[in-house]
Amino acid sequence: TTWRANYLQGASELRNGKPQVPAFFGTVSPETVKAMSLDMVFDYLGISLNAKFADGKSLTLNFDFPDLKAKYLVEINNSVLIYTEGKASSKAALSISMNKSEMDKIIGRSASFEKLYKDGLIKLEGDKKIIEELDSYFEKFDPVFNIVTP
């Protein structure tokens, strides 16, 4: 039955192309992101980090989540994202303060970092240009892809 399923999926892809999905469909649903702990969020960001885009980059960020009374030190070195709970660095290029709900919106792509910042929901200290650069380090997963056909 596995081979039959592969055959039918391949035939469907050849006849119809990729399936059409609603515009709000993404790699993570809002409910999933909301249920994630901060450790899971930073793990997800680590998985999303594209090593080629972050190659040769070195960046230190402080994150503060006042609603959860949590602080995180995030470092990107050697194309790897490393986070440490409960720490901050005085040498961080940027310190970011936001509630977990704002981080959920950014991860779930229901709101952009820039919009939340302009609305006053995110506070920044340091070089604000880093945000645009930081966003370019992460892979934007396409949730719709061919299963059988190349």
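Reader: How many aromatic pairs does the structure hold?
Author: The model is a predicted one. Rings of Phe, Tyr and Trp pair if their centres lie within 6.5 Å. By that criterion, the number of aromatic pairs in the structure is 7.

Reader: Is the pair of Phe42 and Phe63 stacked, tilted or edge-to-face?
Author: The ring centres of Phe42 and Phe63 are 5.3 Å apart. Planes over 60 degrees apart count as edge-to-face. The planes of these two rings stand at 65 degrees, so the pair is edge-to-face.

Reader: How many residues apart are Phe42 and Phe63?
Author: Phe42 belongs to helix H3 (residues 38-48), whereas Phe63 belongs to strand S1 (residues 58-65).

Reader: Are Phe42 and Phe63 buried or exposed?
Author: Buried means under 20% relative accessible area. Phe42 has a relative accessible area of 1%, and Phe63 has 7%. Both Phe42 and Phe63 therefore count as buried.

Reader: Which residue of S2 is the bridge partner of Leu61?
Author: S1 and strand S2 (residues 70-77) run antiparallel and are joined by 8 bridges. The two strands form a hairpin with 4 residues between them. Within this pairing, the partner of Leu61 is Val74.

Reader: Which residue in S4 stands opposite Leu61?
Author: S1 also pairs with strand S4 (residues 94-98), in the parallel sense and over 4 bridges. In S4, the residue opposite Leu61 is Leu94.

Reader: Is Ser112 buried, partly exposed or exposed?
Author: Ser112 is found in the loop between helix H4 (100-107) and helix H5 (113-118). A polar atom of its side chain lies 3.1 Å from the backbone nitrogen of Lys115. The relative accessibility of Ser112 is 33%, so this residue counts as partly exposed.

Reader: What is the accessible area of the nonpolar patch formed by Phe145, Ile147 and Val148?
Author: Ile147 is found in the segment after helix H6 (130-135). Exposed means over 50% relative accessible area, and Ile147 is therefore exposed at 53%. Together, Phe145, Ile147 and Val148 form a surface patch with an accessible area of about 300 Å².

Technical notes:
Residues numbered from 1 in each chain as written. Predicted model: local features only at pLDDT ≥ 70, side-chain atom pairs only at ≥ 80, totals over all residues. Heavy atoms only, no water. Patch = residues over 30% accessible without salt bridge, like charges linked within 9 Å, V, L, I, M, F, W, Y side chains within 5 Å. Areas by Shrake-Rupley, 256 points an atom, 1.4 Å probe, with all protein chains shown as cover. Salt bridge = Lys/Arg side-chain N within 4 Å of Asp/Glu carboxyl O. Buried < 20%, exposed > 50% of the residue type's maximum accessible area, 1.4 Å probe, protein only. Phe/Tyr/Trp six-rings, centres within 6.5 Å; stacked < 30°, edge-to-face > 60°. Polar contact = N/O pair within 3.5 Å; in protein donor to acceptor, adjacent residues only side chain to side chain. Pairing = 2+ DSSP bridges.
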